[in-house]
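I opened this structure today and kept notes as I went. The entries below follow the order in which I looked things up.

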2 protein chains.
Amino acid sequence: MSEPTLADKQLFLDMAIAEAVCGVRAGQGGPFGAVVVKDGIVIAKAANAVVANHDPTAHAEVQAIRAACVVLGSFQLEGCDIYASCEPCPMCLGAILWARPRALYFAATRQHAAAAGFDDAAFYETLAGESGASPIVREQVPCDDAGAPFAVYASLPGRVRY
Amino acid sequence: MSEPTLADKQLFLDMAIAEAVCGVRAGQGGPFGAVVVKDGIVIAKAANAVVANHDPTAHAEVQAIRAACVVLGSFQLEGCDIYASCEPCPMCLGAILWARPRALYFAATRQHAAAAGFDDAAFYETLAGESGASPIVREQVPCDDAGAPFAVYASLPGRVRY
(Lines give C-alpha, C1' and ligand atoms only; values in the text may rest on other atoms or scores of the structure.)
Protein backbone atom coordinates (compact mmCIF):
# COMPACT_ATOMS: atom_id res chain seq x y z
CA MET A 1 0.00 0.00 0.00
CA SER A 2 1.53 3.28 -1.09
CA GLU A 3 1.35 6.32 1.16
CA PRO A 4 -1.22 8.95 0.21
CA THR A 5 -0.06 12.16 -1.48
CA LEU A 6 -0.97 15.58 -0.07
CA ALA A 7 -3.75 15.78 -2.71
CA ASP A 8 -5.06 12.34 -1.61
CA LYS A 9 -5.08 13.43 2.04
CA GLN A 10 -6.90 16.65 1.25
CA LEU A 11 -9.47 14.80 -0.89
CA PHE A 12 -10.32 12.34 1.92
CA LEU A 13 -10.28 15.09 4.55
CA ASP A 14 -12.68 17.12 2.40
CA MET A 15 -14.97 14.05 2.46
CA ALA A 16 -14.70 13.90 6.27
CA ILE A 17 -15.47 17.63 6.46
CA ALA A 18 -18.49 17.20 4.16
CA GLU A 19 -19.69 14.33 6.37
CA ALA A 20 -19.38 16.63 9.41
CA VAL A 21 -21.36 19.42 7.73
CA CYS A 22 -24.12 16.97 6.68
CA GLY A 23 -24.31 15.58 10.24
CA VAL A 24 -24.69 19.02 11.76
CA ARG A 25 -27.33 20.04 9.21
CA ALA A 26 -29.24 16.81 10.04
CA GLY A 27 -29.06 17.60 13.77
CA GLN A 28 -27.17 14.37 14.50
CA GLY A 29 -24.65 15.89 16.90
CA GLY A 30 -21.38 17.83 16.97
CA PRO A 31 -19.53 19.19 13.90
CA PHE A 32 -17.23 16.23 13.29
CA GLY A 33 -16.83 13.67 10.51
CA ALA A 34 -14.48 10.78 9.73
CA VAL A 35 -13.60 8.50 6.84
CA VAL A 36 -11.69 5.19 6.79
CA VAL A 37 -9.68 4.36 3.67
CA LYS A 38 -8.02 1.09 2.66
CA ASP A 39 -5.97 0.73 -0.54
CA GLY A 40 -7.32 4.06 -1.79
CA ILE A 41 -10.97 3.06 -1.29
CA VAL A 42 -13.36 4.57 1.28
CA ILE A 43 -14.68 1.63 3.33
CA ALA A 44 -16.57 3.63 5.96
CA LYS A 45 -17.60 7.17 6.81
CA ALA A 46 -19.58 8.68 9.66
CA ALA A 47 -20.60 11.90 11.35
CA ASN A 48 -20.92 12.54 15.07
CA ALA A 49 -24.31 11.19 16.21
CA VAL A 50 -24.19 11.77 19.99
CA VAL A 51 -27.49 13.62 20.11
CA ALA A 52 -29.48 11.56 17.59
CA ASN A 53 -28.32 8.21 19.02
CA HIS A 54 -28.42 9.20 22.72
CA ASP A 55 -24.87 7.85 22.86
CA PRO A 56 -21.92 9.84 24.24
CA THR A 57 -19.52 7.43 22.47
CA ALA A 58 -21.06 8.02 19.02
CA HIS A 59 -18.27 10.35 17.89
CA ALA A 60 -17.47 10.32 14.17
CA GLU A 61 -14.21 8.38 14.52
CA VAL A 62 -15.74 5.69 16.78
CA GLN A 63 -18.70 5.30 14.42
CA ALA A 64 -16.42 5.09 11.37
CA ILE A 65 -14.10 2.57 13.07
CA ARG A 66 -17.05 0.38 14.06
CA ALA A 67 -18.46 0.50 10.51
CA ALA A 68 -15.06 -0.25 8.94
CA CYS A 69 -14.56 -3.23 11.27
CA VAL A 70 -17.94 -4.61 10.16
CA VAL A 71 -16.79 -4.27 6.54
CA LEU A 72 -13.48 -6.01 7.23
CA GLY A 73 -14.89 -8.55 9.72
CA SER A 74 -11.97 -7.73 12.00
CA PHE A 75 -11.28 -5.84 15.23
CA GLN A 76 -8.15 -4.32 13.67
CA LEU A 77 -7.93 -1.78 10.84
CA GLU A 78 -4.69 -3.15 9.46
CA GLY A 79 -3.41 -1.14 6.50
CA CYS A 80 -6.16 1.47 6.84
CA ASP A 81 -5.89 5.24 7.11
CA ILE A 82 -8.35 7.27 9.21
CA TYR A 83 -9.24 10.80 8.11
CA ALA A 84 -10.93 13.05 10.69
CA SER A 85 -12.33 16.52 10.10
CA CYS A 86 -10.83 17.53 13.48
CA GLU A 87 -8.09 16.20 15.76
CA PRO A 88 -9.65 13.30 17.70
CA CYS A 89 -10.61 13.71 21.36
CA PRO A 90 -8.90 11.38 23.90
CA MET A 91 -11.70 8.79 23.59
CA CYS A 92 -11.36 8.72 19.81
CA LEU A 93 -7.55 8.73 19.81
CA GLY A 94 -7.73 5.80 22.25
CA ALA A 95 -10.18 4.01 19.92
CA ILE A 96 -7.85 4.68 16.97
CA LEU A 97 -4.83 3.30 18.85
CA TRP A 98 -6.77 0.11 19.70
CA ALA A 99 -7.93 -0.23 16.07
CA ARG A 100 -4.27 -0.06 14.97
CA PRO A 101 -4.62 1.59 11.55
CA ARG A 102 -1.54 2.70 9.59
CA ALA A 103 -2.16 6.42 9.95
CA LEU A 104 -4.42 9.20 11.21
CA TYR A 105 -4.82 12.46 9.29
CA PHE A 106 -6.90 15.37 10.56
CA ALA A 107 -7.79 18.91 9.46
CA ALA A 108 -8.87 21.14 12.38
CA THR A 109 -7.21 20.91 15.81
CA ARG A 110 -8.33 20.41 19.42
CA GLN A 111 -8.03 24.19 19.80
CA HIS A 112 -10.63 24.66 17.06
CA ALA A 113 -12.91 22.26 18.94
CA ALA A 114 -12.32 24.11 22.21
CA ALA A 115 -13.15 27.44 20.55
CA ALA A 116 -16.46 25.87 19.43
CA GLY A 117 -17.25 24.96 23.04
CA PHE A 118 -16.18 21.30 23.13
CA ASP A 119 -14.16 19.75 25.96
CA ASP A 120 -11.57 17.86 23.88
CA ALA A 121 -8.60 19.95 25.01
CA ALA A 122 -9.77 19.97 28.65
CA PHE A 123 -10.15 16.18 28.64
CA TYR A 124 -6.61 15.80 27.25
CA GLU A 125 -5.42 17.75 30.28
CA THR A 126 -7.49 15.56 32.63
CA LEU A 127 -6.02 12.38 31.14
CA ALA A 128 -2.50 13.74 31.35
CA GLY A 129 -3.16 14.70 34.99
CA GLU A 130 -2.34 18.32 34.12
CA SER A 131 -5.59 19.95 35.18
CA GLY A 132 -6.05 20.61 38.86
CA ALA A 133 -9.44 19.03 39.48
CA SER A 134 -10.99 16.03 37.74
CA PRO A 135 -14.52 16.80 36.52
CA ILE A 136 -15.69 13.53 38.16
CA VAL A 137 -14.77 11.52 41.26
CA ARG A 138 -12.17 8.86 40.34
CA GLU A 139 -11.16 6.35 43.00
CA GLN A 140 -9.39 3.02 43.17
CA VAL A 141 -11.11 0.76 45.70
CA PRO A 142 -9.32 -2.23 47.30
CA CYS A 143 -11.02 -5.48 46.24
CA ASP A 144 -9.82 -8.97 47.16
CA ASP A 145 -10.74 -10.36 43.74
CA ALA A 146 -9.30 -7.56 41.58
CA GLY A 147 -6.83 -9.97 39.99
CA ALA A 148 -9.34 -12.75 39.28
CA PRO A 149 -10.25 -11.78 35.68
CA PHE A 150 -6.56 -11.60 34.72
CA ALA A 151 -5.88 -15.01 36.30
CA VAL A 152 -8.77 -16.60 34.38
CA TYR A 153 -7.59 -14.90 31.19
CA ALA A 154 -4.00 -16.10 31.66
CA SER A 155 -5.21 -19.68 32.08
CA LEU A 156 -7.23 -19.60 28.84
CA PRO A 157 -5.40 -21.59 26.16
CA GLY A 158 -7.13 -20.09 23.10
CA ARG A 159 -7.20 -16.44 24.12
CA VAL A 160 -7.10 -13.88 21.30
CA ARG A 161 -4.87 -10.81 21.76
CA TYR A 162 -5.98 -7.37 20.62
CA MET B 1 -28.42 10.60 45.89
CA SER B 2 -26.21 9.55 48.79
CA GLU B 3 -22.62 8.55 48.17
CA PRO B 4 -21.86 4.82 48.25
CA THR B 5 -20.18 3.34 51.30
CA LEU B 6 -17.01 1.26 50.98
CA ALA B 7 -19.17 -1.88 51.22
CA ASP B 8 -21.43 -0.57 48.42
CA LYS B 9 -18.42 0.13 46.23
CA GLN B 10 -16.94 -3.31 46.83
CA LEU B 11 -20.30 -4.97 46.11
CA PHE B 12 -20.67 -3.26 42.74
CA LEU B 13 -16.99 -3.79 41.89
CA ASP B 14 -17.40 -7.49 42.67
CA MET B 15 -20.25 -7.49 40.14
CA ALA B 16 -18.00 -5.83 37.55
CA ILE B 17 -15.27 -8.39 38.31
CA ALA B 18 -17.78 -11.27 37.93
CA GLU B 19 -18.90 -9.78 34.61
CA ALA B 20 -15.25 -9.72 33.48
CA VAL B 21 -14.70 -13.35 34.47
CA CYS B 22 -17.87 -14.45 32.64
CA GLY B 23 -16.82 -12.54 29.52
CA VAL B 24 -13.40 -14.17 29.46
CA ARG B 25 -14.86 -17.63 30.01
CA ALA B 26 -17.28 -16.99 27.11
CA GLY B 27 -14.40 -15.94 24.85
CA GLN B 28 -15.89 -12.47 24.34
CA GLY B 29 -12.64 -10.56 24.72
CA GLY B 30 -10.29 -9.16 27.34
CA PRO B 31 -10.65 -9.61 31.14
CA PHE B 32 -12.65 -6.48 31.89
CA GLY B 33 -16.15 -5.77 33.18
CA ALA B 34 -18.19 -2.69 34.10
CA VAL B 35 -21.43 -1.82 35.85
CA VAL B 36 -23.46 1.42 35.84
CA VAL B 37 -25.44 2.25 38.98
CA LYS B 38 -28.08 4.94 39.52
CA ASP B 39 -29.75 5.52 42.89
CA GLY B 40 -28.36 2.21 44.17
CA ILE B 41 -29.77 0.21 41.25
CA VAL B 42 -27.68 -1.48 38.53
CA ILE B 43 -28.99 -0.12 35.23
CA ALA B 44 -26.38 -1.70 32.92
CA LYS B 45 -23.48 -4.10 32.97
CA ALA B 46 -21.13 -5.39 30.30
CA ALA B 47 -17.95 -7.31 29.66
CA ASN B 48 -15.30 -6.56 27.07
CA ALA B 49 -16.49 -7.95 23.71
CA VAL B 50 -13.75 -6.80 21.31
CA VAL B 51 -13.14 -10.27 19.90
CA ALA B 52 -16.73 -11.54 19.73
CA ASN B 53 -18.07 -8.32 18.21
CA HIS B 54 -15.13 -7.60 15.89
CA ASP B 55 -15.12 -4.14 17.45
CA PRO B 56 -12.02 -2.52 18.99
CA THR B 57 -14.27 -0.03 20.80
CA ALA B 58 -16.33 -2.75 22.55
CA HIS B 59 -14.55 -2.33 25.88
CA ALA B 60 -16.61 -3.08 28.99
CA GLU B 61 -17.01 0.57 30.02
CA VAL B 62 -18.05 1.72 26.52
CA GLN B 63 -20.56 -1.14 26.25
CA ALA B 64 -21.98 -0.41 29.71
CA ILE B 65 -22.23 3.34 29.01
CA ARG B 66 -24.05 2.69 25.72
CA ALA B 67 -26.46 0.27 27.42
CA ALA B 68 -27.10 2.66 30.33
CA CYS B 69 -27.79 5.53 27.91
CA VAL B 70 -30.38 3.36 26.14
CA VAL B 71 -32.02 2.71 29.53
CA LEU B 72 -32.05 6.41 30.40
CA GLY B 73 -32.82 7.66 26.88
CA SER B 74 -30.07 10.21 27.34
CA PHE B 75 -26.52 10.87 26.15
CA GLN B 76 -25.49 11.82 29.69
CA LEU B 77 -25.26 9.55 32.76
CA GLU B 78 -26.28 12.25 35.20
CA GLY B 79 -26.23 11.03 38.80
CA CYS B 80 -24.77 7.64 37.83
CA ASP B 81 -21.69 5.86 39.17
CA ILE B 82 -19.54 3.66 36.92
CA TYR B 83 -17.79 0.65 38.45
CA ALA B 84 -14.98 -0.93 36.40
CA SER B 85 -13.08 -4.11 37.22
CA CYS B 86 -9.89 -2.32 36.11
CA GLU B 87 -8.81 1.30 35.68
CA PRO B 88 -10.21 2.43 32.32
CA CYS B 89 -7.92 2.82 29.29
CA PRO B 90 -7.70 6.30 27.69
CA MET B 91 -10.55 5.51 25.27
CA CYS B 92 -12.82 4.44 28.12
CA LEU B 93 -11.83 7.30 30.42
CA GLY B 94 -12.59 9.64 27.55
CA ALA B 95 -15.98 7.97 27.07
CA ILE B 96 -16.66 8.28 30.80
CA LEU B 97 -15.77 11.99 30.80
CA TRP B 98 -18.13 12.59 27.88
CA ALA B 99 -20.91 10.59 29.62
CA ARG B 100 -20.50 12.86 32.67
CA PRO B 101 -21.43 10.43 35.49
CA ARG B 102 -20.99 11.43 39.14
CA ALA B 103 -18.12 9.04 39.85
CA LEU B 104 -15.86 6.27 38.59
CA TYR B 105 -14.69 3.49 40.90
CA PHE B 106 -12.26 0.77 39.78
CA ALA B 107 -10.49 -2.24 41.30
CA ALA B 108 -7.33 -3.23 39.38
CA THR B 109 -5.00 -0.62 37.87
CA ARG B 110 -3.46 0.14 34.47
CA GLN B 111 -0.31 -1.58 35.74
CA HIS B 112 -2.30 -4.79 36.27
CA ALA B 113 -3.57 -4.50 32.69
CA ALA B 114 -0.03 -3.90 31.40
CA ALA B 115 1.24 -6.96 33.29
CA ALA B 116 -1.47 -8.98 31.51
CA GLY B 117 -0.18 -7.78 28.12
CA PHE B 118 -2.59 -4.92 27.40
CA ASP B 119 -1.52 -1.53 26.06
CA ASP B 120 -3.53 0.70 28.42
CA ALA B 121 -0.50 2.21 30.18
CA ALA B 122 1.42 2.62 26.90
CA PHE B 123 -1.53 4.43 25.31
CA TYR B 124 -1.76 6.79 28.30
CA GLU B 125 1.88 7.72 27.59
CA THR B 126 1.11 8.22 23.88
CA LEU B 127 -1.81 10.53 24.68
CA ALA B 128 0.28 12.51 27.14
CA GLY B 129 3.01 12.80 24.51
CA GLU B 130 5.43 11.13 26.93
CA SER B 131 6.46 8.15 24.83
CA GLY B 132 9.08 8.78 22.15
CA ALA B 133 7.37 7.31 19.10
CA SER B 134 3.65 7.18 18.28
CA PRO B 135 2.56 3.66 17.29
CA ILE B 136 0.81 5.16 14.24
CA VAL B 137 1.42 8.09 11.89
CA ARG B 138 -0.46 11.18 13.15
CA GLU B 139 -0.47 14.28 10.96
CA GLN B 140 -2.40 17.50 10.70
CA VAL B 141 -3.01 18.38 7.06
CA PRO B 142 -3.84 21.94 5.93
CA CYS B 143 -7.37 22.09 4.47
CA ASP B 144 -9.11 25.25 3.29
CA ASP B 145 -12.49 24.09 4.64
CA ALA B 146 -11.31 22.83 8.07
CA GLY B 147 -13.44 25.47 9.82
CA ALA B 148 -16.62 24.85 7.79
CA PRO B 149 -18.30 22.33 10.15
CA PHE B 150 -17.79 24.66 13.12
CA ALA B 151 -19.22 27.61 11.17
CA VAL B 152 -22.33 25.63 10.20
CA TYR B 153 -22.68 24.42 13.81
CA ALA B 154 -22.36 27.96 15.21
CA SER B 155 -25.13 29.17 12.87
CA LEU B 156 -27.55 26.43 13.97
CA PRO B 157 -30.21 27.95 16.24
CA GLY B 158 -31.36 24.70 17.91
CA ARG B 159 -28.02 23.02 18.47
CA VAL B 160 -27.78 20.65 21.45
CA ARG B 161 -24.62 20.80 23.60
CA TYR B 162 -23.00 17.66 24.99
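Which residue is the bridge partner of A:Val36 in strand 2 of chain A? I looked it up and found A:Ala44.

Before going on, I noted the conventions. The model is predicted, with local features needing pLDDT of at least 70 and side-chain atom pairs counting only at pLDDT 80 or more, while totals for chains, interfaces and linings use all residues. Residues are numbered from 1 along each chain as its sequence is written, and chains are lettered from A and ligands numbered from 1 in the order in which they are written.

I looked up strand 1 (residues 33-38) and strand 2 (residues 41-47) of chain A, which pair in the antiparallel sense over six bridges. Strands (E, at least two residues) and helices (H or I, at least four) are DSSP runs numbered from the N terminus, and two strands pair if DSSP finds at least two bridges between them. Two residues sit between the strands of this hairpin, where A:Asp39 takes a positive phi near 50°. I noted that A:Asp39 is a residue other than glycine. Most residues other than glycine have a negative phi. A:Asp39 is exposed, with 10 other C-beta atoms within 10 Å. By the cut-offs, a residue is buried if 20 or more other C-beta atoms lie within 10 Å of its own, exposed if 12 or fewer, and partly exposed in between, with C-beta atoms placed from the backbone.
B:Asp39 is exposed, with 10 other C-beta atoms within 10 Å.

Entry: helix 3 of chain B.
I checked the length of helix 3 (residues 60-72) of chain B. Its 13 residues should span 18 Å at 1.5 Å a residue, and its end C-alpha atoms are 18 Å apart, which agrees; the expected span is 1.5 Å times one less than the number of residues. Among the buried residues of this helix are B:Ala60, B:Val62 and B:Ile65. The buried residues pack against elements of chain B including helix 1 (6-25), strand 3 (80-86) and helix 4 (90-99). After helix 3 comes B:Gly73, with a positive phi near 60°.

Entry: the two copies.
I laid chain B on chain A: a turn of 180° and a shift of 0.0 Å along the axis give an RMSD of 0.0 Å. The two copies are thus related as by a two-fold rotation axis. Superposition is by least squares on the C-alpha atoms of residues with pLDDT of at least 70 in both copies. In chain B, the C-alpha nearest the axis belongs to B:Met91, 1.9 Å from it.

Entry: where the chains meet.
How many residues of chain B are in contact with chain A? I found 76, against 75 residues of chain A; contact means that the C-beta atoms, placed from the backbone, lie within 7 Å. Helix 1 of chain B gives the largest share of its side, nine residues.
Strand 5 (residues 137-140) of chain A and strand 4 of chain B pair in the parallel sense over four bridges. In strand 4 of chain B, B:Ala103 is the bridge partner of A:Val137.
Last, I looked up A:Phe150, which lies in helix 7 (residues 148-154) of chain A. A:Phe150 is buried, with 24 other C-beta atoms within 10 Å.

Conventions
Contact = placed C-beta atoms within 7 Å.
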